[in-house]
Amino acid sequence: MTTRTPATSIPSTLGVLLAGGLARRMGGGDKPMRTIGSRTILERVIARLSPQCDGLILNANGDPARFAAFGLQVISDDVPGFPGPLAGILAALDWTAANRPEIEWVLSAAGDCPFLPRDLVARLHEARARGNAQLAVAASGDQSHPVIGLWRVALRNELRHALVVENLRKIDRWTARYPLATVTWPAEPLDPFFNANTVEDIAEAERLAALDDAQAASGTDQAS
């Protein structure tokens, strides 16, 4: 167990940043490498999650050297055909079992969500434990964000079967098989799960980054 605050003890958790998407709506390329507020989106994600996790890894396909500057272990999908984020989650569970066997939980987060809550890991674990759930996912407003969640490493073989044998692709179809906790954050004045899917979203991200930085400076960060 790793103590995060004097009042809260939560299990050690490895974080995986999912950057394996093809970014078609951006014209291709790596969305997390786009810059907002003078910092790349990926830098902002790392800054949010590093204090909450017992290490971070990056799931991305293609040449891992393009992420060398971030100093993270890069792991690729081993299920062919770009089957989506479940493949990245599976890769992270397998990597954790092989390399960090003392860790039972993995937090997944989209690599293009620059404003993640600073209490993400703590609140997901609290809800999971309170509801005796196997998994936990985030939500904001009326929208669920199943790509942002806690995954038990021990479920990796069941996930591989679902992906490879059943050809299952949607995260919520897999999580529906298990007791699931959902934690909701407010979406105003800033949705902590905003992600940059289009070129137009980058302009909105610039505005939100200024708001986010101002909130953090004033100590009123609503995503913390």
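Ser108 is located in strand S8; helices (H or I, at least four residues) and strands (E, at least two) are DSSP runs, numbered from the N terminus. The model is predicted, and local features need pLDDT of at least 70, side-chain atom pairs count only at pLDDT 80 or more, and totals for chains, interfaces and linings use all residues. Residues are numbered from 1 along each chain as its sequence is written, and side-chain values use heavy atoms, with hydrogens and water left out.

Ser108 is buried, with a relative accessible area of 0%; buried means under 20% relative accessible area, exposed over 50%, and partly exposed in between (1.4 Å probe, protein chains only). A polar atom of the Ser108 side chain lies 2.6 Å from the backbone oxygen of Val147. Leaving aside residues up to four places away in sequence, Ser108 touches Val16, Leu18, Ile89, Val147, Ile148, Gly149 and Trp151, where contact means heavy atoms within 4.5 Å.

Strand S8 (residues 105-110) pairs with strand S10 (residues 143-152) in the antiparallel sense over four bridges; two strands pair if DSSP finds at least two bridges between them. In this pairing, Trp105 stands opposite Arg152 in S10. Helix H2 (residues 85-99) packs on the sheet and touches strand S3 (13-18), strand S6 (56-59), S7, S8 and S10. The direction of H2 makes about 145° with that of S3; axes are lines fitted to C-alpha atoms, for helices over the stretch in contact, and angles run from 0 to 180 degrees between N-to-C directions. H3 also packs on the sheet, with contacts to S3, S8, S9, S10 and S11, and its direction makes about 140° with that of S11.

The sheet as a whole is open and consists of seven strands in the order S7-S6-S3-S8-S10-S9-S11, with mixed pairing. Strand S7 (73-75) and S11 stand at the edges and have a single partner strand each, so one side of each is left without a neighbour in the sheet. From one strand to the next the twist averages 30°.

Several loops contain local backbone features. In the loop between S11 and helix H6 (199-218) lies Pro189, which is joined to Glu188 by a cis peptide bond with omega of about 0°. Asn132, in the loop between helix H3 (120-130) and S9, has a positive phi of about 50° although it is not a glycine. Asn132 is exposed, with a relative accessible area of 66%. Asn167 has a positive phi near 60° and lies in the loop between helix H4 (156-164) and helix H5 (171-175).

The protein chain has a mean pLDDT of 87, and 88% of its residues reach 70 or more; pLDDT is the predictor's confidence in each residue, from 0 to 100. Confidence in the chain is lowest in strand S1 (residues 2-5), at a mean of 38, and highest in S9, at 98. The pLDDT is below 50 over residues 1-8, a stretch with 19 contacts in the model beyond near neighbours in sequence. Residues 22-28 also stay under 50, with 17 contacts beyond four places in sequence. Where pLDDT is low, the predicted coordinates should not be read in detail.

Key
A polar contact is a pair of N or O atoms within 3.5 Å; within protein, one must be able to donate a hydrogen and the other to accept it, and residues adjacent in sequence count only if both atoms are side-chain atoms.
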